[in-house]
There are 2 protein chains.
Amino acid sequence: MTSSKPKVAAVIVAAGQGLRMGGLDKVLSPLGDEPILLRTTRPFQDSPAVSQIVIVIAGEKEEMCRQLIGGPAWSKVSHICIGGPRRQDSVAEGLKRLNRFDYVMIHDGARPLVTADLIARALDAARETGAAVAAVPVTDTIKRADGDLTVLETLSRQDLWAVQTPQVFRFDVIQIAHLQDAEEATDDASLVERLGHKVKLFMGAYDNIKITTPDDLIVAENILRQRGGLA
Amino acid sequence: MTSSKPKVAAVIVAAGQGLRMGGLDKVLSPLGDEPILLRTTRPFQDSPAVSQIVIVIAGEKEEMCRQLIGGPAWSKVSHICIGGPRRQDSVAEGLKRLNRFDYVMIHDGARPLVTADLIARALDAARETGAAVAAVPVTDTIKRADGDLTVLETLSRQDLWAVQTPQVFRFDVIQIAHLQDAEEATDDASLVERLGHKVKLFMGAYDNIKITTPDDLIVAENILRQRGGLA
């Protein structure tokens, strides 16, 4: 690593099916006056640290996405590509479009409330270990149960974190992680952990929510309104 | 246990400080046209299975609570009593007001979206093992980290459950559990588990949310509106 400004790309993963949105398309649903995906992508477009953006989308949304995200306002978006069957396949598709970066930020397309501050802190954290993940302390009581729903244990909450994105990795580390013949993983850091590479958490934000249900959209609108970003 | 109808009491625990509500009082905040605590208590008042209700409240809210909850509409509320420093101390205060029951349902005062269906299913589940806890599958990726925020492991999500209330226990079991000189516990079932008593989960509801932040109030209003319970 050099002391010069690192070269950073972002992969926005928006290829999920949105099954819990009751038929609504998740990333193209409006949040306030524009589709979720535009709100998700803009902080990366606006970040001085990020030089290239790849958006990974489900095949049937590709045309719509190209119509929405094009022109000088989205100058950093180099590729809109089609995802694979699993989340990690979609991320791998995005990574294939990138060359010679120092870091890659991977971010859920359905987390439109990401901020410039969170992006900056993600990069700071990644410079320390090469793998940094936004997370917030778990507030629920979590129990482990067997298939018969008998409780096996109540987990100690104090060391549990609910993982978010952005997740930022050294480019070589995440490339190798995605070359593994890997079991399904619910986040990219898991793949990096399987390599034995150290992953560090940094404090995410409780309002950096993932839009999964129609109720989440209402919460997101309220958060935007409080931030003054919505009429 | 007999085959006759079991005698059931409910303890509503509303003694928390509501620190994340930004100065708003949590259980006395309006949800739609009435305070959260009334909405929380009503399904237990209306349940044919429940014969007595004890409400545990923070000292400074006792008078307000007595003004709100009194008269024939709240005929089953036998006591409004003051909680202790920890959640389990508050529950213990409530249990002291009860005599000769078969089961006790313990419910968070800040979960006003509990339904008659959930109460009925909670009782069915408790009759099986004497200890039954509402819970929903965890949807976040959960990692365990050390004090330095280095990830130790990503937990297998498939056997993890986020615990809710109601939690229902055989009266003798929960009484003994609360007589232990116990470490702090975030739910009542943990105390029962420490006795070595079997605890079973039953499927709660994702919309049985706990009101912890002002955003949660907005979600709750939306859920009530969808249910037709709010103009």
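Start by selecting β8(B) and β9(B), which pair in the antiparallel sense over three bridges. Keep in mind throughout that you're looking at a predicted model. To find your way around, colour residues 142–145 of chain B for β8 and 151–154 for β9.

Now pick out B:Arg144. Its bridge partner in β9(B) is B:Glu153. Then slide along to the turn: the hairpin of β8(B) and β9(B) has five residues between the strands. Click on B:Leu149 there, and you'll find a positive phi near 70°.

Next, show the side chains of β8(B). In a regular strand, side chains alternate between the two faces of the sheet. Which residues sit on which side of β8(B) here? B:Ile142 and B:Arg144 are on one side, with B:Lys143 and B:Ala145 on the other. All four are buried, so both faces of this strand are covered.

Time to bring in the other chain. Select residues 160–170 of chain A, which make up strand β10. This strand pairs with β8(B), in the antiparallel sense and over three bridges. Come back to B:Arg144 and look across to chain A: A:Leu160 has B:Arg144 as its bridge partner in β8(B).

Zoom out to take in the whole interface. Chain B and chain A each put 40 residues into the contact. Between them they bury about 3,500 Å², and 54% of that is on carbon and sulfur atoms.

For the charged pairs, how many salt bridges does the rule find across the interface of chain B and chain A? There are eight. For one salt bridge to zoom in on, show the side chains of A:Asp148 and B:Lys200, which meet at 3.4 Å, N to O.

Last stop: the side of chain B that touches chain A. The elements giving two or more residues to it are β8, β9, β10 (160–170), α6 (188–194), β11 (200–203) and α7 (214–227) of chain B. Select α7(B) to see the one that gives the most, with six residues. Colour this side by residue type and you get 18 nonpolar, nine polar and 13 charged.

Notes. Residues are numbered from 1 along each chain as its sequence is written. Chains are lettered from A and ligands numbered from 1 in the order in which they are written. This is a predicted model: local features need pLDDT of at least 70, side-chain atom pairs count only at pLDDT 80 or more; totals for chains, interfaces and linings use all residues. Side-chain values use heavy atoms; hydrogens and water are left out. Contact means heavy atoms within 4.5 Å. Buried area is the accessible area (1.4 Å probe) that two parts lose on being put together, summed over both. A salt bridge is a side-chain nitrogen of Lys or Arg within 4 Å of a carboxyl oxygen of Asp or Glu. Ala, Val, Leu, Ile, Met, Phe, Trp, Tyr, Cys and Pro count as nonpolar, Asp, Glu, Lys and Arg as charged, and the others, Gly among them, as polar. Two strands pair if DSSP finds at least two bridges between them. Buried means under 20% relative accessible area, exposed over 50%, partly exposed in between (1.4 Å probe, protein chains only).
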